[in-house]
Amino acid sequence: MKSKFIAIALLLAVALTSCDAVDDLLSFNISNETSIKINSTSPINLPSEIITPEVTTNSSAEFENNKTKASLVKDVKLRSLKLAIADPSDKTFTFLKSVHLYISTTDSDEIELAYQDNINATTNTIDLICTDKKLDQYIKADKYKIRTKVTLKETLTKDVTIKAEMKFRVTADPF
């Protein structure tokens, strides 16, 4: 009886481990970036919305490079979203209280992508907290929109341009 239990436990462990190994073999990363411009006229302590230009995905080429196609993609999740101040180069994120980024397409509803509240960064880069939403329909699309909601804690004397670097983890079915 004890040996049967051990055999079943080992079999389950191998099966679960092999599923993760197969998913790792069928997974790859896609990176995209966009720029966000915060105007010096933005109000303090009130949320301001910023619409970025549409981000053109290169997902079809990425799928092909990874020997898959959009119809086989089963799971896309945001793995990281880093904001870096591009201009002015000497600016840090001390002016920013909170930031929330949302993603949408013409065919899909808007959902929250990543956020950070109570920002106390004294550097020119910050990592946002990624949501665990499924992003398949957004990354499979030719283009998507990013809407940014920021709350400032100090007045900006110059416009600030921020580069948003997004890394998505894509997992595809083998068949």
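Asp 136 is buried in this predicted model, at 12% relative accessibility. Buried here means under 20% relative accessible area, exposed means over 50%, and partly exposed lies in between (1.4 Å probe, protein chains only). Asp 136 forms a salt bridge with Lys 134, with the closest N and O atoms 3.8 Å apart. A salt bridge requires a side-chain nitrogen of Lys or Arg within 4 Å of a carboxyl oxygen of Asp or Glu. Lys 134 is partly exposed, at 46% relative accessibility.

Residues are numbered from 1 along each chain as its sequence is written. As the model is predicted, local features need pLDDT of at least 70 and side-chain atom pairs count only at pLDDT 80 or more, whereas totals for chains, interfaces and linings use all residues; side-chain values use heavy atoms, with hydrogens and water left out.

The whole structure contains seven salt bridges. One of them joins the side chains of Glu 110 and Arg 147 (2.7 Å, N to O). Glu 110 lies in the loop between E5 and E6 and Arg 147 in strand E9, so this pair ties together parts 37 residues apart in sequence. Glu 110 is partly exposed, at 37% relative accessibility. Arg 147 is buried, at 15%. Glu 49 joins Glu 110 and Arg 147 in a network of salt bridges. A further bridge links the side chains of Glu 165 and Lys 163 (3.1 Å, N to O). Glu 165 is partly exposed, with a relative accessible area of 28%. Lys 163 is also partly exposed, at 29%.

The protein has three helices and ten strands. These are DSSP runs numbered from the N terminus (helices, H or I, at least four residues; strands, E, at least two). Along the sequence the pattern reads α-β-β-β-α-β-β-β-β-β-α-β-β. Of the 175 residues, 39% are buried. Among contacts with a separation of 6 or more, 80% are between residues 24 or more positions apart. A contact means heavy atoms within 4.5 Å.

In soluble globular proteins, nonpolar side chains tend to be buried together. A nonpolar core is a set of buried Ala, Val, Leu, Ile, Met, Phe, Trp, Tyr and Cys residues joined through side-chain atoms within 4.5 Å. The largest such core has 40 residues, of which Leu 81, Leu 83, Phe 95 and Leu 135 touch the most other members. Elements giving two or more residues to this core include E1, strand E4 (73-87), helix H3 (136-140) and strand E10 (160-172). The contacts of Leu 81 include Leu 101, Leu 113, Ile 126, Leu 128 and Met 166.

Asn 32 sits in strand E1 (residues 27-38). Asn 32 is buried, with a relative accessible area of 9%. The side chain of Asn 32 makes a polar contact with that of Tyr 144 (3.1 Å). A polar contact is a pair of N or O atoms within 3.5 Å; within protein, one must be able to donate a hydrogen and the other to accept it, and residues adjacent in sequence count only if both atoms are side-chain atoms. Asn 32 also touches Thr 57, among other residues. Thr 57 lies in the loop between strand E3 (55-56) and helix H2 (59-65). Thr 57 is buried, at 12% relative accessible area. The side chain of Thr 57 reaches the backbone oxygen of Ala 141 at 2.6 Å. Other contacts of Thr 57 include Tyr 138, Asp 142 and Tyr 144.

Technical notes
Lists of a residue's contacts leave out its neighbours within four places in sequence.
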